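Here is a short walk through some helix packing and the pockets that go with it. Have the sequence and the 3D view open as you read.

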Amino acid sequence: MWRTGMCVIGTLFMLPVNAAQPPRASLPWRSELIRTAHEIWGLNAPVADFAGQFQQESGWRPDARSPVGAQGMAQFMPATADWMSQRYPQLRMNTPMNPGWAIRALVQYDRWLWQNTTAQDDCQRMAFTLSAYNGGQGWVNRDKKLATSKGLNALIWFDQVERVNAGRSKNNWRENRDYPKKILYQHAPRYLQWGASSCM
């Protein structure tokens, strides 16, 4: 059955008719990402969102390094990698350039951020989670507070909290606002064969 450019696949979810396929660089990590996501989040894990995040962060390159010091496929900053290695025994080796470590760390950190935010629905909650991953949970909390003071709904990211800036530089604010959109609406649709997405 065809509906407005989408095709219904069973009753689980909808796939865009002309969705691009996952890039070749992602394929070696498919099974490990799915297994890790299900272990940490359960069988309904938003695997497509995590895959889209890896695409956005590093293009699936295990040796990726940013000019500001982020490392590996998940682009963890050293301080965040240290915190994760102290908080979670499975990550104690603190090896962000190791793809297995990076996969577990990204999925686990997203889970922690998800559990520490509230939102109207799963799509909005994942957008807040991704904003926090990119810029820090403290900024999300300040943005929510500012949004409330301006009469916006602090439980909705898109077209509500995303509109305010609690003090980031112009470039950081723009990057942070693009981050959830690119992952959830541009990258995640490529990975729906791998698993669910929060906004699809």
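## α2 against α4

α2 passes α4 in a right-handed crossing. Bear in mind that this is a predicted model. The two helices, α2 and α4, pack at an angle of about 120°, and their axes are 11 Å apart. Angles of 65 to 115 degrees would count as roughly perpendicular and those over 145 as roughly antiparallel, so α2 and α4 come out as oblique to each other.

Who touches whom here? On the α2 side you'll find Phe50, Gln53 and Phe54, and they meet Ala102, Ile103, Leu106, Val107 and Asp110 in α4. Sorted by class, the contact of α2 with α4 has six nonpolar residues, one polar and one charged.

## α2 against α7

α2 also packs on α7, again at an angle of about 120°, this time with the axes 9 Å apart. That angle makes α2 oblique to α7. The crossing of α2 and α7 is right-handed.

From α2, the contact takes in Asp49, Gly52, Gln53, Gln55, Gln56 and Glu57, while α7 brings Tyr179, Lys182, Ile183, Leu184 and His187. By class, that gives the contact of α2 with α7 three nonpolar, five polar and three charged residues. Gln53 is worth a click: this residue of α2 is in the contact with α7, and it is in the contact with α4 too.

## α5 against α7

Next up is another partner of α7. The axes of α5 and α7 come within 9 Å and cross at roughly 130°, which makes α5 oblique to α7. As for handedness, α5 passes α7 in a right-handed crossing.

Which residues do the touching? Ten nonpolar, four polar and two charged residues make up the contact of α5 with α7.

## The largest pocket

Now for the open space. The largest pocket holds about 730 Å³. It has 24 lining residues, and Glu57, Tyr133, Asn134, Gly135 and Glu175 are the closest to its centre.

The largest share, six residues, comes from α7. Split by class, the lining of the largest pocket has nine nonpolar, ten polar and five charged residues.

## The second largest pocket

The second largest pocket has a volume of about 170 Å³. Its lining is made of Trp41, Asn44, Ala45, Pro46, Arg111, Trp114, Asp122, Met126, Ala196, Ser197 and Ser198. The elements that give two or more residues to this lining are α4 (99-115) and α5.

By class, the lining of the second largest pocket has six nonpolar, three polar and two charged residues.

Methods
Residues are numbered from 1 along each chain as its sequence is written. This is a predicted model: local features need pLDDT of at least 70, side-chain atom pairs count only at pLDDT 80 or more; totals for chains, interfaces and linings use all residues. Side-chain values use heavy atoms; hydrogens and water are left out. On a 1 Å grid over the protein atoms alone, a cavity is a set of points where a 1.4 Å probe fits but cannot get out, and a pocket is an open set with protein on both sides within 12 Å along at least five of seven lines; lining residues have an atom within 4 Å of a point. Grid points are joined across faces, edges and corners, and a volume is the space filled by probe spheres set on the points. Helices (H or I, at least four residues) and strands (E, at least two) are DSSP runs, numbered from the N terminus. Ala, Val, Leu, Ile, Met, Phe, Trp, Tyr, Cys and Pro count as nonpolar, Asp, Glu, Lys and Arg as charged, and the others, Gly among them, as polar. Axes are lines fitted to C-alpha atoms, for helices over the stretch in contact, and angles run from 0 to 180 degrees between N-to-C directions. Angles under 35 degrees count as roughly parallel, over 145 as roughly antiparallel, 65 to 115 as roughly perpendicular and the rest as oblique. A crossing is left-handed if the near helix is turned anticlockwise from the far one by less than a right angle, and right-handed if clockwise. Contact means heavy atoms within 4.5 Å.
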